[in-house]
Amino acid sequence: MNVHDARVFPGDFVETGQMIGSCGFGKLSRSIFYLDSNKIHSNSADAFTHMTPYIMTGSGAVKLETGVKYVSYIDTDIITREMSTSEKKKYLKSTSK
């Protein structure tokens with residue numbers, strides 16, 4: 001809802017720090033699912049599992065709640081935690097511009 005400029009689509013691989021889209025004015029509604037290998041191997045009718053989103057704020061990671069406004073906080077250590085050395089270097093270079 002209210003998502004503009006989508007940059008990823010079903011089946012796309014998403015990397016840490018990658019912009020996935022932007023939202024316009026109003027409310028943002030999101031549901032996050034991932035392909036669950038446990039369900040695939042058990043022949044479940046639905047192979048996806050819902051993931052509860054958290055947002056990083058100045059006071060730490062908080063679970064999103066309906067009707068609450070948040071100011072996001074970018075923590076470079078968290079964003080780059082799973083990146084290779086070359087990915088970190090590229091990311092840090094792109095953010096210093």
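Modeller: T57 counts as buried because its relative accessibility is 10%, where buried means under 20% relative accessible area, exposed means over 50% and partly exposed lies in between, with a 1.4 Å probe and protein chains only. This is a predicted model, in which local features need pLDDT of at least 70 and side-chain atom pairs count only at pLDDT 80 or more, while totals for chains, interfaces and linings use all residues. Residues are numbered from 1 along each chain as its sequence is written, and side-chain values use heavy atoms, with hydrogens and water left out.

T57 is found in strand β5, strands being DSSP runs of E with at least two residues and helices runs of H or I with at least four, numbered from the N terminus. A polar atom of the T57 side chain lies 2.8 Å from the backbone oxygen of G60. Leaving out residues up to four places away in sequence, T57 touches V62, Y70, V71 and Y73, a contact being heavy atoms within 4.5 Å.

Strand β5 covers residues 54–57 and also holds M56, which is partly exposed because its relative accessible area is 22%. With residues up to four places away again set aside, M56 touches A61, V71, S72, Y73 and I78. The C-alpha atoms of M56 and I74 are 7.1 Å apart in space, although 18 residues separate the two in sequence.

Another residue to look at is T80, which sits in helix α2, residues 76–80. T80 is buried, since its relative accessible area is 7%, and apart from its neighbours within four places in sequence it is in contact with K88 and Y91.

Of its 97 residues, 10% count as buried. Among contacts with a separation of 6 or more, 13% join residues 24 or more positions apart.

As for confidence, the mean pLDDT of the protein chain is 78, and 84% of its residues reach 70 or more, pLDDT being the predictor's confidence in each residue, from 0 to 100.

Methods
A polar contact is a pair of N or O atoms within 3.5 Å; within protein, one must be able to donate a hydrogen and the other to accept it, and residues adjacent in sequence count only if both atoms are side-chain atoms.
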